[in-house]
Amino acid sequence: MMIPITGYTQLTGLLGSPVKHSISPMMHNTSFQALGLDFVYLCFDVKETLEDAVKGLRTLHVKGFNLTMPNKNKILEYLDELSPAARLIGAVNTVENREGKLIGHNTDGIGFMRAVREKVLRSWGLEGLPRLSVHRRRLTGPAGFMYLPE
């Protein structure tokens, strides 16, 4: 089914190189449609021109974008703010544009810690969780909430 694009449709996307093989547009556009969101997700092959691409996306009021290599570290200097997880990890994989302010987030660490937790439980049982908890706290808030874009 074709996604209807109107003057109200908000742009999101993926910046990186190469990106033509990415399944992110299929996953995101299917989700947007299922949730009734008027967004579209596209891939942009960006390598050497990251600064220009970010300026353009900011100017166009793009809702947000994801980054893949080699841009996860390079993006830091072009953002207005970093989430605690992005600051801790020193890389960004998701940028939200909140009224012209570009805020970098990193969900890789949280995903990694989830995978580690599952492995710890399978390998060591419950006695491995206290060690894991120390690292999880560094990626989540004091109440255990993950720092993710709204």
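Guide: Start with β1 and β2, which run parallel and are joined by seven bridges. Two strands count as paired if DSSP finds at least two bridges between them. Strands (E, at least two residues) and helices (H or I, at least four) are DSSP runs, numbered from the N terminus. Look across from Leu-14 and you find Cys-43 in β2. Between the two strands the chain passes through α1, and this β-α-β crossover is right-handed. That term means that, with the strands pointing away from the viewer, the path from the first strand over the helix to the second runs clockwise.

A word on the model. It is predicted: local features need pLDDT of at least 70 and side-chain atom pairs count only at pLDDT 80 or more, while totals for chains, interfaces and linings use all residues. Residues are numbered from 1 along each chain as its sequence is written, and side-chain values use heavy atoms, with hydrogens and water left out.

Now step back to Thr-9, in the segment before β1. Is Thr-9 buried or exposed? Thr-9 counts as buried because its relative accessibility is 17%, and buried means under 20% relative accessible area, exposed over 50%, and partly exposed in between (1.4 Å probe, protein chains only). The side chain of Thr-9 makes a polar contact with the side chain of Asp-38, at 2.8 Å. A polar atom of the Thr-9 side chain also lies 2.8 Å from the backbone nitrogen of Thr-6. A polar contact is a pair of N or O atoms within 3.5 Å; within protein, one must be able to donate a hydrogen and the other to accept it, and residues adjacent in sequence count only if both atoms are side-chain atoms. Leaving aside residues up to four places away in sequence, Thr-9 touches Pro-4, Asp-38, Phe-39 and Val-40. Contact here means heavy atoms within 4.5 Å.

Phe-39 leads on to the rings. The structure holds one aromatic pair. Rings of Phe, Tyr and Trp (its six-membered ring) pair if their centres lie within 6.5 Å; planes under 30 degrees apart count as stacked, over 60 as edge-to-face and the rest as tilted. Phe-32 and Phe-39 are both buried.

Next, the loop between β1 and α1, where Pro-18 is found. The peptide bond from Ser-17 to Pro-18 is cis, with omega near -5 degrees. Most peptide bonds are trans. Met-69 and Pro-70 are also joined by a cis bond, with omega about 10 degrees. Pro-70 is in the loop between β3 and α3.

Which residues does Lys-47 touch? Not counting residues up to four places away in sequence, they are Ser-17, Pro-70, Asn-71 and Lys-74. Lys-47 is in the loop between β2 and α2. Lys-47 counts as partly exposed because its relative accessibility is 41%. Lys-47 and Lys-74 are 27 residues apart along the chain, and their C-alpha atoms are separated by 9.8 Å.

His-61 lies between α2 and β3. Its phi is positive, near 60 degrees, and it is not a glycine. Most residues other than glycine have a negative phi. His-61 is exposed, at 63% relative accessibility.
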